[in-house]
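Here's a quick tour of some charged pairs and the places they connect. Have the model open as you read.

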Amino acid sequence: MTRKSLEFPQGIIDCVEATRSRGTVLVASSRKGTNAMTIGWISIGSIWGRPCCTVLVRPSRHTYKFIEKGDSFTVNVLPRDMNEAVSLLGTRSGRDMDKFSEAGITPSDSMKVKCPHIAEAELVIECAIAMKQPIDSSMIRRDYVHTAYAAGDYHTVYYGEIVAIHAQ
Ligand SMILES: Cc1cc2nc3c(=O)[nH]c(=O)nc-3n(C[C@H](O)[C@H](O)[C@H](O)COP(=O)(O)O)c2cc1C
């Protein structure tokens, strides 16, 4: 299916809103393979004079191994009638199953990055990793530690330069 390219910041409000309200899907890949998981936290704006998208991944996620070794990621907004897939991708691990076939999603070659996107996504943001930074427990507000890190497992924050945005 031909996809329509968008210019930053087109599509960004929809992506932030979907991530906040129902979750979007992060795809990460390395030479060892590809995995997808639901994300609820995202930040999109401008850093280093470039459009930038940041996502947060806990080391306990199977996806972490792929994003750590890869050089890119994609953020995928699935249509509302695929909310069940979003739920599966956010509650089951790629350690135990092929999440693409279980969720009924199809990996597809991206326009600008090595990491695939999801063919069924109504909106995709392709990102080339510019920087990554594990959260330092001594540098974060105490109340956030209590709400988000009672069990440790501090996220690593991945800053991606947005190199393509496309929609169905
Ligand atoms: C709505 C929702 C949002 C989530 N957001 C994040 C997130 O931003 N970062 C994260 O590390 N995990 C997040 N998770 C949890 C992962 O999606 C979940 O642990 C998933 O099963 C990990 O899959 P994996 O082991 O295949 O990587 C979220 C889950 C849901 C349901």
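## Ground rules

Helices (H or I, at least four residues) and strands (E, at least two) are DSSP runs, numbered from the N terminus. This is a predicted model, so keep the cut-offs in mind: local features need pLDDT of at least 70, side-chain atom pairs count only at pLDDT 80 or more, and totals for chains, interfaces and linings use all residues. Residues are numbered from 1 along each chain as its sequence is written, and side-chain values use heavy atoms, with hydrogens and water left out.

Let's start with Arg50, which sits in strand β5. Arg50 is partly exposed at 43% relative accessibility (buried means under 20% relative accessible area, exposed over 50%, partly exposed in between, with a 1.4 Å probe and protein chains only). Skip the neighbours within four places in sequence, and Arg50 is in contact (heavy atoms within 4.5 Å) with Gly45 and Glu161. Its C-alpha is also 7.6 Å from that of Ile162, although Arg50 and Ile162 are 112 residues apart in sequence.

Glu161 and Arg50 form a salt bridge, with the closest N and O atoms 2.9 Å apart.

## Other salt bridges

In total there are 6 salt bridges in the structure, each being a side-chain nitrogen of Lys or Arg within 4 Å of a carboxyl oxygen of Asp or Glu. One of them pairs Glu68 with Lys132 at 3.0 Å, N to O. Here helix α2 (residues 62-69) holds Glu68 and strand β9 (residues 123-134) holds Lys132, so the link spans parts 64 residues apart in sequence. Glu68 is partly exposed at 27%, and Lys132 is partly exposed at 40%.

Another one has Lys114 and Asp71 with their closest N and O atoms 3.3 Å apart. Lys114 is in the loop between β7 (107-108) and β8 (117-118), and Asp71 is in the loop between α2 and β6 (72-77), so this pair ties together parts 43 residues apart in sequence. Lys114 is exposed at 70% relative accessibility, while Asp71 is partly exposed at 38%.

## Under the cover of α2

Back to α2: which of its residues are buried? They are His62, Thr63, Tyr64, Phe66 and Ile67. What covers them includes β2 (24-30), β3 (33-39), β5, β6, β9 and β10.
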